[in-house]
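Thank you all for coming. I would like to walk through one structure this morning, starting with a question about a single residue and then moving on to the sheet, the charged pairs and the surface.

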Amino acid sequence: MEVDWPALRREAAAAASRAYAPYSRLSVGAAGVTDDGRIVSGCNVENASYGLTLCAECGLVSAFHRSGGGRLVAASIVAGDGEALAPCGRCRQLLYEAGGPGLLVDSGGSRPPASLAELLPAAFRPGDLEERRAGTS
C-alpha cells in the first residue's frame, strides 16, 4: 500500500488542533491508515493528575477499533505546529498491538518512516501471553 505521508501529517495536525492540553500546552495529534484504507485519528487529552493523561496514540487506537479494527499500516504523530514527534514507549506498545512490527511510523523531516520493529525491538507481543499461559517459555 502506498502511504500519502503529507496527507497523513495533515490529518494528524487537524487532530492536534482538537487536543485538550491546558497543562502542558503541547497539543498532539495522531493519524493512521488501516489495511483497508481507512484514515483514523486521535488527539491527546490531558488530566490535572497527569498520570491519567491520554496520549494522541491512545485516541488513534481507540478510533481504529471503534471503526472496525483490522491492522494499522502507517501512522503519523505530530505536535500542534505540524512537526513530527516520536511516540513514547507506552504508545509504541499500543501501536504495536494495532499494527505489528511492520507498522510504519512517520519520522518527519528527511528521515524515512521507521517500522515499529526498529522503534520497539523485542516488543512484548500478544503471543508472549499465550506462551506463558501454555508454559512453553
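This is a predicted model: local features need pLDDT of at least 70, side-chain atom pairs count only at pLDDT 80 or more; totals for chains, interfaces and linings use all residues.

Does A122 count as buried or exposed, and at what relative accessibility? A122 counts as exposed, at 83% relative accessibility, where exposed means over 50% relative accessible area, buried means under 20%, and partly exposed lies in between, with a 1.4 Å probe and protein chains only.

Residues are numbered from 1 along each chain as its sequence is written, and side-chain values use heavy atoms, with hydrogens and water left out.

To stay with A122 for a moment, this residue lies in the loop between α4 (116-119) and α5 (126-134), and its phi is near 55 degrees, a positive value in a residue other than glycine. As background, most residues other than glycine have a negative phi. Y50 also has a positive phi, near 45 degrees, and its place is in the loop between β2 and α2. Helices here are DSSP runs of H or I with at least four residues, and strands are runs of E with at least two, numbered from the N terminus.

Now to the sheet. There are 5 strands in an open sheet with mixed pairing, in the order β2-β1-β3-β4-β5, and two strands are taken to pair if DSSP finds at least two bridges between them. Because β2 and β5 (114-115) stand at the edges with a single partner strand each, one side of each is left without a neighbour in the sheet. Strand β1, residues 28-34, runs antiparallel to β2 and is joined to it by 5 bridges; G32, for instance, has V40 in β2 as its bridge partner. Helix α1 (residues 5-16) lies across β1, β2, β3 (72-79) and β4 (104-105), and runs at about 55 degrees to β3, the angle being taken on a scale from 0 to 180 degrees between N-to-C directions of axes fitted to C-alpha atoms, for helices over the stretch in contact, with contact meaning heavy atoms within 4.5 Å.

Which residue forms a salt bridge with D106? The partner is R9, with the closest N and O atoms 2.6 Å apart, a salt bridge being a side-chain nitrogen of Lys or Arg within 4 Å of a carboxyl oxygen of Asp or Glu. Since D106 lies in the loop between β4 and β5 and R9 lies in helix α1, the pair ties together parts that are 97 residues apart in sequence. D106 is buried, with a relative accessible area of 3%, whereas R9 is partly exposed at 26%.

The structure holds 3 salt bridges, and another joins D36 to R38, with the closest N and O atoms 3.0 Å apart; D36 counts as exposed, at 53% relative accessibility. D128 and R125 also meet through their side chains in a salt bridge, at 2.6 Å from N to O, and here D128 counts as buried at 14%, while R125 is partly exposed at 34%.

Finally, the surface. Y20, Y23, V45, Y50 and L54 make a nonpolar patch of about 480 Å². Patches are made of residues with over 30% relative accessible area and no salt bridge, with like charges joined within 9 Å and nonpolar side chains (Val, Leu, Ile, Met, Phe, Trp, Tyr) within 5 Å, and accessible areas come from the Shrake-Rupley method with a 1.4 Å probe, where for residues only the protein chains shown count as cover.
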